[in-house]
Amino acid sequence: MSHVMSSKGGLITTATRVLSLSKTADPLLGAERLLMSNDRGSLQRAYKDLLQASTSGDIISTTYNTSSAWLKQHGFFKDMQRDNDITYYVVGRGRKGVDPATGEEFSFEVQNMGGASLIGKNHYCVPRAMGVSAGEEKRFAGHLGRINMQVLKAAKDGAGTGDALLGAAINFSGPPSFIEYQLQQLASESPDAFVITGCDDATQRQRLKEMLSRNERRMVKLTHRSTTGMLLTDAHLSEVGFDIPAVLVKEDGE
């Protein structure tokens with residue numbers, strides 16, 4: 001049984017069933033499936049099978065924990081052996097050095113895709129040996145969560161299940177500002193619901209309510225910098241925020 005913090009047109013209730021994939025044997029328990037193109041393809045097919053096995057009213061969740069707290073706890077940001085194709089530099093080669101196995105010299109070797117980093121031009125080296133700033137950890141985790149949601153959306157497009165509800169998984173762990181950033185990043189992918197684990201006591205639920213309240217959809221006047229660096233307020237209103245319900249589930253899926 002799930003707990004719904006808010007509702008969306010009556011589509012989601014406390015009886016809504018949340019479906020997700022099984023965890024893997026990898027230390028990241030499945031998040032590693034987002035790091036390489038071939039693995040993302042396999043994940044998309046697994047999501048497609050889950051979608052086709054679902055019934056009306058089910059929420060299909062992105063499943064895997066991509067929070068920065070989780071990645072850090074399991075050594076991802078220090079792992080120089082785990083390959084990926086979503087960062088700017090080749091893993092272990094975001095510096096000058098010599099390959100100990102081949103004797104080959106390398107210097108800031110970029111991925112085959114080249115160009116700007118997929119997670120922003122200032123965030124090139126995740127993971128890397130010399131350490132990663134907390135801000136880079138937060139942004140990388142947000143990007144990984146978005147990739148997970150994009151894979152699930154692509155699976156829905158290929159499954160022919162137009163009425164399926166898609167959930168963006170979030171684990172309520174780590175600094176509150178990081179959790180709120182994850183909510184904002186996943187909201188940009190327009191899920192039907194946030195599927196939140198680890199938010200089990202009254203204090204955590206109150207904190208989540210405050211996060212959702214701060215990010216409610218509203219019309220505001222945004223600001224921007226002029227060419228001389230002055231902060232200016234727009235004359236027109238712009239829509240910001242989101243209206244996405246949060247479905248709270250236990251870690252074991254109950």
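Begin by selecting Tyr-89, which is buried at a relative accessible area of 14%, where buried stands for under 20% relative accessible area, exposed for over 50%, and partly exposed for what lies in between, with a 1.4 Å probe and protein chains only. The model is a predicted one, in which local features need pLDDT of at least 70 and side-chain atom pairs count only at pLDDT 80 or more, while totals for chains, interfaces and linings use all residues. Residues are numbered from 1 along each chain as its sequence is written, and side-chain values use heavy atoms, with hydrogens and water left out.

Tyr-89 sits in the loop between α2 and β4 (96-98); helices (H or I, at least four residues) and strands (E, at least two) are DSSP runs numbered from the N terminus.

Zoom out to the whole protein, which has five helices and twelve strands. Of its 254 residues, 47% count as buried, and the protein exposes about 13200 Å², with carbon and sulfur atoms supplying 49% of that area, as computed by the Shrake-Rupley method with a 1.4 Å probe, only the protein chains shown counting as cover for residues.

Next, select Ser-67 in the loop between β3 (59-61) and α2 (68-73). Ser-67 is buried, with a relative accessible area of 8%, and its side chain is joined to that of Asn-65 by a polar contact of 2.9 Å. A polar contact is a pair of N or O atoms within 3.5 Å; within protein, one must be able to donate a hydrogen and the other to accept it, and residues adjacent in sequence count only if both atoms are side-chain atoms. Leaving out residues up to four places away in sequence, Ser-67 touches Ala-141, Ser-173 and Gln-182, contact meaning heavy atoms within 4.5 Å.

Then display helix α3 (residues 134-159), whose 26 residues should span 38 Å at 1.5 Å a residue, in agreement with the 38 Å between its end C-alpha atoms; the expected span is 1.5 Å times one less than the number of residues. Gly-160, with a positive phi near 70°, follows α3.

Move on to α5 (residues 202-214), where Gln-204, Leu-208, Met-211 and Leu-212 are buried. They lie on the same side of α5, because they cover an arc of only 95° around the axis, the arc being that of the directions from the helix axis to the C-beta atoms. What covers these buried residues includes α4 (176-187), β7 (193-197) and β12 (246-248), whereas the face turned away from the buried side carries the exposed Ala-202 and Thr-203. At the start of α5, a side-chain oxygen of Asp-201 reaches to within 3.1 Å of the backbone nitrogen of Thr-203.

Finally, colour the largest nonpolar core, which has 46 residues, with Tyr-47, Leu-51, Leu-71, Leu-183, Phe-194, Ile-196 and Leu-208 having the most contacts inside it. Such a core is a set of buried Ala, Val, Leu, Ile, Met, Phe, Trp, Tyr and Cys residues joined through side-chain atoms within 4.5 Å. The largest share of this core, nine residues, comes from α3. Centre on Leu-183, which touches Ile-170, Phe-194, Ile-196, Leu-208, Met-211 and Phe-242, not counting residues up to four places away in sequence. A second, separate core of six residues includes Leu-165, Ala-193, Val-195 and Val-249.
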